[in-house]
Amino acid sequence: MTGTATLVPPAKPSAAPARARKPRGERILTAADRTEMVVAWIAGLLWISPLVYVFYRAFLVEDGAGGHFGLENITSAWERAPFGQYYLNTTLLVTGITLAQLVIGALAAYAFARFTFPGKNVLFIFVLVQLMIFPEVFMSENYRTIAGMGLLDTLAGIGLPYIASAFCIFYLRQAFMGVPGELVEAAKIEGASRLEILWKVFVPAAKPSLIAYALVSVSTQWNNFLWPLIVASSDTTRPITVGLVRFLAPETGMDFPKMAAGTVIVIAPLLAAFLIGQRGFINSFLRSGIK
Amino acid sequence: MSDRAFSYALLIPAFFFLTLFTVKPLIGSVLSSMQERGGGGFTLENYARLGEDETFLRAATNNLLFSLLTVPLSLGLAMWLAVLLHQKMRGQGFLRAGVFAPAILPMVAIAVIWMYFYQPNIGVFNTILGSLGLPTPDWLGDPALVLPSLMVMMVWKEAGFFMIFYLAGLQGIDPELEEASRLEGTGKFRHFWKVSFPLLLPTTLFSAIVALSDSIKMVDFVFVMTQGGPNNASTLLLYHIYKVSFAQHWPQYAAAMSLVVVAVLVALAVIQIRLIDRKIHYR
C-alpha cells in the first residue's frame with residue numbers, strides 16, 4: 001500500500017509543527033495534481049466505454065417506439081444456443097486443467113526446489129525453454145496425437161495438452177524456494193514423510209502463490225479458443241468461447257442486438273466474478289504477478 | 001527410496017506430458033516437414049516453398065508489424081495508465097478495475113465487441129465520424145486499414161493487462177523518492193523520466209516478452225473478425241498454420257511453418273532465461 005501519511009520525515013523538530021498541521025494522509029493538491037486526476041478519469045472512462053456500450057446494446061430492446069430496456073434480447077439468445085451446456089463444459093475444463101496443473105506442477109516444483117539429483121540443471125532448462133512454447137503451435141501434430149488416443153471431441157482431448165505447464169512448475173518452484181528450512185526440519189523430526197512434507201509444509205506455506213497461479217490459469221483456460229475449436233465438434237464438448245463464435249457464425253448480416261446479447265451472456269459471469277473478487281484478484285496480481 | 005529416485009518420480013508426470021505435447025510434436029514436425037504432401041518421400045521442398053509462398057510471407061510480415069507496433073504501444077500506454085491510476089484519488093479502485101477488465105475477457109468476445117465499432121455503415125466509429133462530416137472508411141474491409149484496426153483492439157486489451165504489472169512495479173518504488181522530487185519542485189514528467197521509468201525497466205523487460213508471445217499466440221480475433229482478409233491483409237502466422245493444417249489438409253507444410261514459429265519462440269525463451277538468470281543473481 002502507498003502510505004502517503006508516513007512520508008513526513010521525522011528529523012528536524014523545527015520543521016515538524018508546520019507540517020504536522022496538515023491532515024493525516026492528505027496532500028495539498030496542486031493544479032497539476034488536479035489535471036492529472038481529470039486525465040485519469042477521462043482515460044479510465046474511455047477505456048471502459050466499449051464494455052458499457054455492449055451492455056447498453058444487449059439490454060436495449062428495439063420496439064419501434066425508440067426502444068426500451070429489458071431482457072428480451074438475452075432470453076432469445078439464450079434459447080437459440082445451448083449456453084448452459086457451453087458453460088458447464090468450460091467449467092469442467094477449467095477446473096480439471098487447473099487442478100491437474102497444480103498437482104503435476106507442485107510435484108515437479110518440489111523436486112526442483114528441495115532435492116539435488118543428477119541432471120537437475122539440464123531438466124530445469126528444459127522446463128524454462130517450454131515457457132514460450134504453447135501447444136497450439138504444433139496444432140497438426142497434437143491433433144494427430146489426440147486423434148490417436150481416441151480423444152477427439154472430448155473434454156479430455158481439449159484439456160490434456162495443457163495439464164503440464166512449464167510456467168506453473170517455474171512459478172511454484174520460486175514459491176517453494178522461499179519456504180524456511182526450519183519448518184521442513186521440524187516436520188522431518190516429527191517423522192513426516194517426503195510427500196507429507198510437501199502437503200503439510202510446502203503447500204500451506206505457498207498458498208498465496210498457488211491461488212495466484214490458479215487465478216491466472218482459470219482466466220487463461222476460460223478464454224482459450226483455438227485448440228478447443230480444433231478438437232471439439234459437437235455442442236456437448238464445446239466451451240463457451242467456441243460456442244459464442246458458432247452462435248454468431250451461421251447468420252447472414254449483422255444482428256447487433258443478438259450479437260451483443262450473446263457476448264453479454266458470455267462475459268457477464270466473468271465480469272461479475274471479477275468485480276466481486278476484484279480487490280483480491282488485483283492484489284494477488286500486484287503481490288505475486290511477477291516475481 | 002533414495003532422494004534421487006524420489007525426485008525423478010516427482011518429475012515423471014510433468015515430463016511425460018511436456019514430452020507428449022511439445023517434444024514429440026517437435027520431432028514429429030521435423031520429420032513431417034521433410035515429407036511430400038500426403039506423406040512419404042524425402043524433400044526439402046516445404047522449406048523452399050516458404051520463401052515463395054506469398055500468403056506465408058504476408059502472414060510473417062503482418063505478424064512482425066503487429067508485434068513491433070502493438071508491444072511498445074501497449075506497454076507505453078500501460079505505463080502511462082499505471083502512473084495515472086497510482087495516485088491517490090476518488091474512484092481509484094473503480095478505474096483500475098475498469099481498465100483491467102478487458103484483460104480478463106475472452107479475445108473472441110472482445111473481437112465481437114469491436115466489430116460493432118468497426119462496421120462500415122452502422123458502426124460506432126463511423127456514426128461519430130459521419131456526424132462530424134468526416135470520411136467514414138471501411139475499417140475491416142480496407143486492406144490498408146484492417147491491420148491497424150486490429151492493432152488498436154489488441155492494444156486496448158493488452159494495455160489493461162500490463163497496467164497491473166506496472167502498478168505492482170510502482171508500488172515497489174520507495175515513496176520517499178517521489179516526496180523528495182516534490183520537495184525539490186521537480187516536475188512530474190521529469191520525475192517519471194529520471195526516477196520511475198528506470199526503476200520500471202525490469203517490469204518492462206518481463207512484460208515485453210509476455211506481450212511478444214501474446215502477439216504470436218492470440219489470433220482468435222482473426223477467426224471472428226476477418227478470416228485473414230481482405231486479400232490476406234490481416235493474416236497472422238498461427239492463423240495461416242491453421243488454414244494450411246485444417247482447411248488445405250497439408251500437415252507437412254504446416255509443420256515447416258510451425259518450426260519457423262518455434263524457432264522464434266525459442267529465441268525469445270533464451271532471452272527470457274537470460275533475464276531470469278540475471279534477476280536471480282542480483283537478488
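Between chain A and chain B, about 9200 Å² of area is buried, and carbon and sulfur atoms give 78% of it; buried area here is the accessible area (1.4 Å probe) that two parts lose on being put together, summed over both. This is a predicted model, in which local features need pLDDT of at least 70 and side-chain atom pairs count only at pLDDT 80 or more, while totals for chains, interfaces and linings use all residues. Residues are numbered from 1 along each chain as its sequence is written, chains are lettered from A in the order in which they are written, and side-chain values use heavy atoms, with hydrogens and water left out.

The contact draws 88 residues from chain A and 107 residues from chain B, where contact means heavy atoms within 4.5 Å. Between the two chains there are 12 residue pairs in polar contact, both residues being at pLDDT 80 or more; a polar contact is a pair of N or O atoms within 3.5 Å, of which, within protein, one must be able to donate a hydrogen and the other to accept it, and residues adjacent in sequence count only if both atoms are side-chain atoms. On the side of chain A that touches chain B, helix 2 (residues 31-59) gives the most, with 15 residues. By class, that side of chain A has 67 nonpolar, 13 polar and 8 charged residues, with Ala, Val, Leu, Ile, Met, Phe, Trp, Tyr, Cys and Pro counted as nonpolar, Asp, Glu, Lys and Arg as charged, and the others, Gly among them, as polar.

The count of salt bridges between chain A and chain B is 2, a salt bridge being a side-chain nitrogen of Lys or Arg within 4 Å of a carboxyl oxygen of Asp or Glu. In one of them, Asp33(A) pairs with Arg182(B), and the closest N and O atoms are 3.6 Å apart. Asp33(A) lies in helix 2 of chain A and Arg182(B) in helix 8 (residues 175-183) of chain B, so the pair joins two chains. Asp33(A) counts as buried because its relative accessibility is 4%, whereas Arg182(B), at 28%, counts as partly exposed; buried means under 20% relative accessible area, exposed over 50%, and partly exposed in between (1.4 Å probe, protein chains only). Arg194(A) forms a salt bridge with Asp3(B), with the closest N and O atoms 2.7 Å apart. Here Arg194(A) lies in helix 10 (residues 194-205) of chain A and Asp3(B) in helix 1 (residues 3-33) of chain B, so this pair also joins two chains. Arg194(A) is partly exposed at 23% relative accessibility, and Asp3(B) is partly exposed at 38%.

Over all chains the count comes to 6 salt bridges. Among them is the one between Arg49(B) and Glu45(B), at 3.9 Å from N to O; both residues lie in helix 2 (residues 45-50) of chain B, 4 residues apart, about one turn of the helix.

Leaving aside its neighbours within four places in sequence, Val137(A) is in contact with Leu238(B), Ser258(B), Val261(B), Val262(B) and Leu265(B).

Taken separately, chain A has 15 helices and 2 strands, while chain B has 13 helices and 0 strands; helices (H or I, at least four residues) and strands (E, at least two) are DSSP runs, numbered from the N terminus. Buried residues make up 48% of the 291 residues in chain A and 53% of the 283 residues in chain B. The C-alpha trace of chain B spans about 75 × 75 × 30 Å along its principal axes.

Within chain B, Gln252(B) is found in helix 13 (residues 251-282) and counts as buried at 6% relative accessibility. Not counting residues up to four places away in sequence, Gln252(B) touches several residues, including Ser32(B), Glu36(B), Arg37(B) and Asn46(B).
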